[in-house]
Amino acid sequence: MVSKKQLERANKVKYEKNGVVGVFTRRYISTNITQIVARTSLKPNHITFFSLIVGIAAFYFLSTGQRLNLVIAGVLIFLSKILDAVDGELARVKKLETKRGAWLDGISDRLKENVYFFGIALGLYNQTGNVMVWYYAFIASIGVHMLAIVLEHTGMMDKSALKETHSDFWLVKIARKCGIKQQYLALQADTYLFVLYVGVVLNQLLFVLWFFMIVINLYWLAIVVLVYRRSA
């Protein structure tokens with residue numbers, strides 16, 4: 001039997017790194033699911049696979065562009081993200097963390113993101129008939145993939161570079177003075193996926209694409225410039 005306190009201890013590092021959405025969903029949703037799953041024989045990789053299937057299932061509902069189906073798609077994307085937290089929690093609390101598991105989890109995340117953008121583009125095309133949405137989705141997918149690559153490779157180069165660069169950013173300095181944790185201003189997966197599934201539920205598919213096209217692409221570009229200047 002896994003207790004809530006055990007899960008809180010297992011998530012301590014995540015609480016210090018996750019954005020506000022990630023902390024909230026872990027503390028009040030995923031940990032409750034993990035407590036139930038931990039009683040079964042399911043392993044973290046099983047949860048990762050199930051999260052992937054749920055994410056892929058969201059594609060069909062996204063692709064129709066129909067109002068009710070978009071609500072279902074948003075709920076499925078949210079559920080997939082919750083399960084993505086459950087697999088890690090289960091691995092930590094049952095001492096089943098492996099490099100292969102982390103590798104599979106990363107591949108699953110990138111695949112789901114591709115599927116989401118393809119589904120959004122198809123849904124928008126079915127709504128509007130505008131072929132430009134395919135270009136928008138392509139640029140949006142570049143943004144989220146480049147963000148993942150930049151963060152990964154920056155960590156490989158210098159694990160402290162990203163943290164120091166983020167800490168020195170003027171907006172983060174203001175936030176600290178206001179008592180806001182700097183991690184809450186980082187555009188992490190929990191934050192940008194929150195924008196995605198809420199936008200989908202509200203039928204704001206074009207807004208979702210523009211957010212990723214502009215905000216996410218500018219974000220990773222800013223990281224590259226600031227880290228490059230710091231490490232020069």
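Biologist: Take Trp134, then. Where does Trp134 sit, and why does Trp134 count as partly exposed?

Modeller: Trp134 is in helix α7. Its relative accessible area is 31%, so Trp134 counts as partly exposed, because that class lies between the 20% and 50% cut-offs.

Biologist: And the inside? What should I expect of nonpolar side chains there?

Modeller: The general idea is that in soluble globular proteins, nonpolar side chains tend to be buried together. Here, the largest nonpolar core has 47 residues, and the members touching the most others are Leu62, Ile120, Tyr192, Leu196, Val200, Leu209 and Phe212. At least two residues each come from α3 (20-37), α4 (44-64), α5 (67-93), α6, α7, α10 (189-201) and α11 (205-231). The largest share is that of α11, with 10 residues.

Biologist: Pick one of those and walk me through it. Is Leu62 buried or exposed?

Modeller: Leu62 is buried, because its relative accessibility is 0%, and the cut-off for buried is under 20%. Leu62 belongs to helix α4. Skipping neighbours within four places in sequence, Leu62 contacts Leu70, Ala73, Ile77, Tyr116, Gly119, Ile120, Gly123 and Val200.

Biologist: Now zoom out. How many helices and strands does the protein have?

Modeller: You'll find 11 helices and 0 strands. Of the 232 residues, 44% count as buried. Among contacts with a separation of 6 or more, 76% link residues 24 or more positions apart. The protein exposes about 12,800 Å², with carbon and sulfur atoms supplying 68% of that.

Biologist: Where is the confidence lowest, and where is it highest?

Modeller: As a rule, where pLDDT is low, the predicted coordinates should not be read in detail. In this protein, helix α9 (residues 170-177) has the lowest mean, 64, while α4 has the highest, 96. The average pLDDT is 88, and 88% of the residues score at least 70.

Methods:
Residues are numbered from 1 along each chain as its sequence is written. This is a predicted model: local features need pLDDT of at least 70, side-chain atom pairs count only at pLDDT 80 or more; totals for chains, interfaces and linings use all residues. Side-chain values use heavy atoms; hydrogens and water are left out. Helices (H or I, at least four residues) and strands (E, at least two) are DSSP runs, numbered from the N terminus. Buried means under 20% relative accessible area, exposed over 50%, partly exposed in between (1.4 Å probe, protein chains only). A nonpolar core is a set of buried Ala, Val, Leu, Ile, Met, Phe, Trp, Tyr and Cys residues joined through side-chain atoms within 4.5 Å. Contact means heavy atoms within 4.5 Å. pLDDT is the predictor's confidence in each residue, from 0 to 100. Accessible areas come from the Shrake-Rupley method with a 1.4 Å probe; for residues, only the protein chains shown count as cover.
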